[in-house]
Amino acid sequence: MTSQRTRDRLVARLRANGIEDPRVLAVMGREPRHLFLDEALSHRAYEDTSLPIGHGQTLSQPWIVARMTELVINEAPERVLEVGSGSGYQTLILSRLVPEVWSIERITALYRRAGERLRRLKVFNVRLRLADGGHGWPEAAPFDVILLTACASELPEVLLAQLADGGRLITPLEEADGSQWLTQVCRHGDTFDYQRLEPVRFVPLLQGVIR
Ligand code: SAH
């Protein structure tokens with residue numbers, strides 16, 4: 001159930017659903033999503049569905065990981081910040097396609113487990129931090145891309161300020177009617193261009209650290 005054939009089927013499905021970037025498809029066909037789930041769920045790892053990872057959080061659906069990764073690598077970024085490491089799976093996919101990745105998680109247990117998994121897979125170009133990602137990672141800024149994997153209720157100004165000129169913030173954003181939209185904000189000097197992409201469903205971005 002975790003065989004290459006199962007992964008190939010997922011890739012075919014992603015392609016059928018509009019994922020086009022061959023680099024993203026290749027990495028997702030190769031990397032072991034089942035290692036980012038509890039054993040009881042690992043047989044479902046290559047279904048195109050989100051799955052629980054404990055603490056009320058979810059490993060995002062493969063399609064959305066693929067879509068967000070396509071957006072992230074669009075302009076060949078060198079430095080990417082992810083807010084919401086969760087299981088670490090999206091972090092892994094990014095690490096294979098971007099030279100340097102920083103990723104922040106606020107729940108201690110998830111932060112630890114993500115670190116163990118990434119070390120086991122010999123991922124050396126990722127730095128993880130246990131913190132409230134709403135503050136960003138000022139010492140490592142500016143970033144070419146900042147990706148949020150939890151839904152913000154307003155555009156996070158602190159994070160926008162940590163974008164390089166020409167950099168992009170990609171985030172699920174909740175609108176006044178409660179709907180969530182994948183949103184991209186591009187920085188040009190002090191101007192920010194806002195682009196609404198597609199409807200999504202994410203867990204909320206929350207404040208503080210859970211020890
Ligand atoms: N990319 C992850 C998605 C996990 S769900 C994966 O593929 O597994 C979103 C994650 O964002 C959760 O782990 C949640 O704890 C985390 N999160 C929510 N608010 C946060 C914040 N302010 N700072 C850091 N992480 C946050």
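Glutamate 31 counts as buried, since its relative accessibility is 7% and the cut-off for buried is under 20%. Bear in mind that this is a predicted model. Glutamate 31 also has a charged partner, arginine 96, and the two form a salt bridge.

**The Glu31–Arg96 pair**

- The closest N and O atoms of glutamate 31 and arginine 96 are 2.8 Å apart.
- Arginine 96 is partly exposed, at 32% relative accessible area, whereas glutamate 31 is buried.
- As a bit of background, side chains of opposite charge can pair when their charged atoms come close.

**Other salt bridges**

- Searching the whole structure turns up eleven salt bridges.
- One of them links the side chains of arginine 44 and glutamate 47, with 3.1 Å from N to O.
- Arginine 67 and glutamate 70 make another, with their closest N and O atoms 3.7 Å apart.
- These two residues are three apart in helix H3 (residues 62–73), which means about one helical turn separates them.
- Arginine 67 and glutamate 70 are both buried.
- Through shared partners, salt bridges join Arg67, Glu70 and Glu198 into one network.

**Glycine 29 in helix H2**

- Glycine 29 belongs to helix H2, which covers residues 22–30.
- With a relative accessible area of 8%, glycine 29 is buried.
- If you skip the neighbours within four places in sequence, glycine 29 is in contact with Gln4, Arg7 and Val11.
- Leucine 10 is 19 residues away from glycine 29 along the chain, yet their C-alpha atoms are separated by 7.5 Å.

**Strand S6 and its partners**

- Strand S6 takes in residues 143–148 and is mostly covered, with five of its six residues buried.
- S6 runs parallel to strand S3 (residues 79–83), and four bridges join the two.
- If you want a spot to look at, valine 145 in S6 is the bridge partner of valine 80.
- S6 also pairs with strand S7 (residues 163–174), again in the parallel sense and over four bridges.
- On that side, leucine 147 stands opposite isoleucine 170 in S7.
- In general, side chains in a regular strand alternate between the two faces of the sheet.

**The ligand and its surroundings**

- There are 26 residues around the ligand, and the ones that come nearest are Ser87, Glu105, Asp132, Gly133 and Leu206.
- In glutamate 105, a side-chain N or O atom is 2.6 Å from an oxygen atom of the ligand.
- Leucine 206 uses its backbone instead: one of its polar backbone atoms is 2.6 Å from a ligand nitrogen.
- Threonine 149 has a polar side-chain atom 3.4 Å from a nitrogen atom of the ligand.
- Taken alone, the ligand would expose 580 Å², and the protein buries 99% of that.

Definitions and conventions:
Residues are numbered from 1 along each chain as its sequence is written. This is a predicted model: local features need pLDDT of at least 70, side-chain atom pairs count only at pLDDT 80 or more; totals for chains, interfaces and linings use all residues. Side-chain values use heavy atoms; hydrogens and water are left out. Buried means under 20% relative accessible area, exposed over 50%, partly exposed in between (1.4 Å probe, protein chains only). Contact means heavy atoms within 4.5 Å. Two strands pair if DSSP finds at least two bridges between them. A residue is near a molecule or strand if one of its heavy atoms lies within 4 Å of it. A polar contact is a pair of N or O atoms within 3.5 Å; within protein, one must be able to donate a hydrogen and the other to accept it, and residues adjacent in sequence count only if both atoms are side-chain atoms. Accessible areas come from the Shrake-Rupley method with a 1.4 Å probe; for residues, only the protein chains shown count as cover. A salt bridge is a side-chain nitrogen of Lys or Arg within 4 Å of a carboxyl oxygen of Asp or Glu.
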